[in-house]
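Please walk through the structure shown below, from its overall fold to individual side-chain pairs.

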Amino acid sequence: MGDQKKLGLFSLIAIVIGSMIGGGAFNLASDISSGAYAGAVIIGWVITGIGIIALGLCFQNLSMRRSDLDGGIYSYAKAGFGSFLGFNSAFGYWLSAWLGNVAYATLLFSSIGYFIPGFDGGQNIASIIGASVMLWIVHALVLRGVHSAALVNLVTTIAKLIPVFLFIIIMIFAFHAKTFTANFWGPDGAAFHFSDVAGQVKSTMLVTLWVFIGVEGAVVLSGRAEKRKDIGKATVIGLIGTLAIYILISLLSLGVMSQAELAGLKNPSMGYLLEHVVGKWGAVVINLGLIVSVLGAWLGWTILASEIPYVAGKDGVFPSWFAKENKNHAPVHSLWLTNGLIQLFLITLLFTDRAYQFAYSMASSAILIPYLFSALYQLKLAVTGQYYKVGEKRLKDIILGAVASIYAVWLVYAAGLDYLLLTMVLYAPGILIFIGVQKEHHLRKFFSRSELLEACLIAILALWALVSLMTGSIKI
């Protein structure tokens with residue numbers, strides 16, 4: 001590991017931005033408008049902005065205060081709350097990463113379908129075959145080494161931002177205040193009603209979380225950073241820039257088309273919205289940009305998805321099998337298993353007519369546990385003063401940890417019971433993997449009393465979800 005190339009500031013910023021600005025940005029206009037009108041969208045962005053900035057600053061603070069923890073997002077949960085929650089944070093983050101790649105595959109071939117009708121919709125047999133080929137091309141690239149893949153990610157991040165900025169500039173000139181303010185709180189000029197608006201705001205939360213997944217990208221790769229201080233810089237720079245881009249995309253769109261029109265657009269909605277304003281060339285540019293964007297995000301998330309089990313395997317949280325590297329220092333075992341699971345889940349695209357929305361909602365739900373316990377660890381350190389100098393002021397960090405924790409709890413509520421239960425079905429097999437790790441370390445007692453209760457709760461919720469699926473009360 002000593003002779004491997006390290007990642008500089010620009011590569012880390014590109015990984016953060018490249019991981020966040022993937023397919024979600026190109027479908028944000030319709031996704032966020034599908035259940036909310038302009039007023040609720042603004043409130044949703046205020047909540048998301050405060051919460052996600054607090055969370056990003058938590059990652060920045062923890063990366064500096066606990067520079068010994070190279071696993072980042074999962075190692076914070078382990079350090080603060082024990083082995084089982086640490087394992088589940090790693091496991092949940094891994095689930096979210098590769099489920100996100102399933103969503104990217106759907107959106108990629110939906111975009112290619114604009115040019116080649118055989119891929120129309122992104123979830124037919126031709127799309128699954130195409131996505132499978134792309135999956136293993138990315139796999140081969142990452143096997144050449146994380147540094148090589150990060151360089152490609154830097155190039156694709158720059159390339160994808162060009163059509164996004166073009167869209168924003170054109171939307172500024174096409175924006176109409178009357179369109180934006182019509183039906184501001186609801187249909188037919190409805191007045192503000194708290195319960196209605198609260199429901200609309202809640203509907204935006206998984207969408208806004210989905211487009212921000214990746215804010216922790218530099219932290220996850222902290223062990224490969226050239227300079228430790230670059231991790232926090234990359235996180236904050238990438239986060240603020242991306243937040244501004246997302247707010248402009250969603251609000252400007254509501255000044256060009258009505259909420260109902262936006263909600264009815266096909267994937268990727270940014271392309272069809274630009275086509276509405278400037279003609280067919282607009283959709284061509286956006287769809288080409290989306291293809292580059294998703295390929296870059298797919299690559300970035302393949303790096304992150306394989307890195308978490310690899311680091312966790314080295315740290316004894318996952319089985320040691322995951323810690324195997326090839327000659328290029330790529331996490332070879334982790335990568336093979338991750339992409340093998342993605343390949344299996346690509347088949348599910350045939351069984352739901354909302355494959356992209358389902359995949360990104362599951363990915364967003366799966367990452368809630370890692371985000372929540374990272375925020376809680378920030379709060380715990382600030383309150384106790386652990387890893388702080390004697391007399392060092394902690395009030396700002398206490399507020400930061402509290403805000404991020406409240407935001408993460410709110411997201412669990414906003415996600416809804418159905419997605420929480422379905423996510424537990426994916427978490428449940430992790431209990432057996434955790435027991436295997438304990439056996440590997442020759443521990444006679446697999447769980448503490450509190451951990452046993454946590455494992456039983458996951459198993460009960462997973463069973464509840466399976467019964468609900470069979471009875472039809474939960475539909476995929």
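**Fold and charged pairs**

The chain has 22 helices and zero strands. The model is a predicted one, and its confidence averages a pLDDT of 85, with 92% of the residues scoring at least 70. Where pLDDT is low, the predicted coordinates should not be read in detail.

Consider next the overall dimensions. For 476 residues, a compact globule would have a radius of gyration near 23 Å, and the value for the chain, 22 Å, agrees with this. Along the principal axes, the C-alpha atoms fill a box of roughly 65 × 50 × 45 Å. Of the 476 residues, 58% count as buried. The accessible surface comes to about 18800 Å², and carbon and sulfur atoms account for 69% of that area.

The structure holds zero disulfides. C456, at 38%, is partly exposed.

Turn now to the charged side chains. Side chains of opposite charge can pair when their charged atoms come close. The structure holds four salt bridges. In one of them, E392 pairs with R65, with 3.2 Å between the closest N and O atoms. This pair links distant parts of the chain: R65 belongs to helix α4 (residues 38–65), while E392 lies in the loop between α18 (368–384) and α19 (395–415), 327 residues apart. E392 counts as partly exposed because its relative accessibility is 29%.

Another salt bridge joins K78 and D315, at 3.5 Å from N to O. Here too distant parts of the chain are linked, with K78 in helix α5 (residues 73–81) and D315 in the loop between α15 (280–314) and α16 (332–346), 237 residues apart. K78 is partly exposed, at 27% relative accessible area, and D315 is likewise partly exposed, at 39%. Salt bridges that share partners also join R65, E392 and D397 into one network.

R66 forms a salt bridge with D68, and their closest N and O atoms are 2.6 Å apart. With a relative accessible area of 6%, R66 is buried.

Notes:
Residues numbered from 1 in each chain as written. Predicted model: local features only at pLDDT ≥ 70, side-chain atom pairs only at ≥ 80, totals over all residues. Heavy atoms only, no water. pLDDT = per-residue confidence, 0-100. Disulfide = S-S within 2.5 Å. Buried < 20%, exposed > 50% of the residue type's maximum accessible area, 1.4 Å probe, protein only. Helix = DSSP H or I, 4+ residues; strand = E, 2+ residues; numbered from the N terminus. Rg over C-alpha atoms; globule rule 2.2 N^0.38 Å. Areas by Shrake-Rupley, 256 points an atom, 1.4 Å probe, with all protein chains shown as cover. Salt bridge = Lys/Arg side-chain N within 4 Å of Asp/Glu carboxyl O.
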